[in-house]
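Please read them alongside the sequence and the model.

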Amino acid sequence: MDRFRGRLMVPIFDSNGKHVLGFGGRILASSDGSKDGDHKTPKYINSPESLVFSKKQILFGQHHAREAVKKANVEAFKESKATGLQRKGGEIIIVEGYLDAITLSDAGLDEVVACMGTALTTEQLSNAAVTAGTRGGRIILCLDGDEAGINAVERLCNSKLLLSTCESYVVEVFVAELPDGIKDPAEFIEEMEEKENPIELFRSEVLETAKEWTVWYLDRLMSDYDPNATRGEKGTFSDVCERISNFLSTFPNPADRTKRAFEAAGTLADTIAKGSSGSSGSNNALRIQLESDLVSMTSRKASARESVERRIESVDGISPDGIKQKLANIASGEGLSGSDDDSKLSYKYLNKANKLSSLHTYKKRPPKFQGQKQQAGVNY
């Protein structure tokens, strides 16, 4: 137990709440001679990774949240029968630290789990979606309000993890933001302790103002726009449009891409108009032009992305020598068919084909002593 010396230990249970898989430890304020928030050693540590404890697959407090969601679903079902309104799935709030989850649960919010860090994984999101209830469930990300927490949510949005979770489990994902000056959910409850019902304030000021994850991320991208940025710097008009189109190109449905491009063009046009003295007519013209440009850029990038993905998938379907020749032609811009003009594979995938070709050659090499065994009448 020396690993957790001078720390407040928290047991981490499995999803059913029957077995302890490991422990988490938060350093005590004076255990290392430093003030809280200024530690020489890590503030939080967990049990070492093992076959039993794998942090990326565990949501702290999942068994409590599951029971809370079941109870809420029963109440919602009764209400739907009485009112005739369609019942939706449950709701799960994901916070960063287990002390955040404990504080919120102690205040009266039980449908909360902790990912125990900023690196939210595929397995954790899947567990949250199942707990919330597929086909109508709702996941709210409420990570810390510091730079690390915000960057973690941006990385999730920029990857295809949230998109694939929404499509696979038919759930909605929202992002909640804490008020300025509040670091984490536990601090919010502590700051509001003197109020009559701090958890209701948390619901109204944080959870109920949460934005759908794509809207939140597009707002973040557009907030980087800087009319004073010079060419080549972050925040220029072309930089913002490039990043927006990169994000929208990850959506497989063309109708979704067009709809979101329309919404982003309107918001970006309003942002640009605030810094200019143009008329409403010129603003509308700018919006229409932006929408056209974003749809065009997004469609082109989506086609290129899909083309590359199809080619990568085809790697296992043809011989390594054929892959090598095909990728070489694509990388050099030669030997492309009419449908292949959208994109060319990089030399990264050509190198991959070289490795596959070497592996193929190795597998075809006659085994040692094959001739002697055949002479002896033994099938090799």
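1. A salt bridge is taken here as a side-chain nitrogen of Lys or Arg within 4 Å of a carboxyl oxygen of Asp or Glu. By this criterion, ten salt bridges are found in the whole structure. The model is a predicted one, in which local features need pLDDT of at least 70 and side-chain atom pairs count only at pLDDT 80 or more, while totals for chains, interfaces and linings use all residues. Residues are numbered from 1 along each chain as its sequence is written, and side-chain values use heavy atoms, with hydrogens and water left out.

2. R260 pairs with E212 in a salt bridge whose closest N and O atoms are 3.9 Å apart. The pair links distant parts of the chain, 48 residues apart: R260 belongs to helix α10 (residues 254–274) and E212 to strand β8 (residues 211–212). Helices (H or I, at least four residues) and strands (E, at least two) are DSSP runs, numbered from the N terminus. R260 counts as buried because its relative accessibility is 15%; buried means under 20% relative accessible area, exposed over 50%, and partly exposed in between (1.4 Å probe, protein chains only).

3. R243 forms a salt bridge with D239 (3.2 Å between the closest N and O atoms); both lie in helix α9, four residues apart. R243 also meets D224 in a salt bridge, at 2.8 Å from N to O.

4. In helix α2 (residues 98–107), the buried residues include Y98, D100, A101 and L104. Just after α2, G108 takes a positive phi of about 120 degrees.
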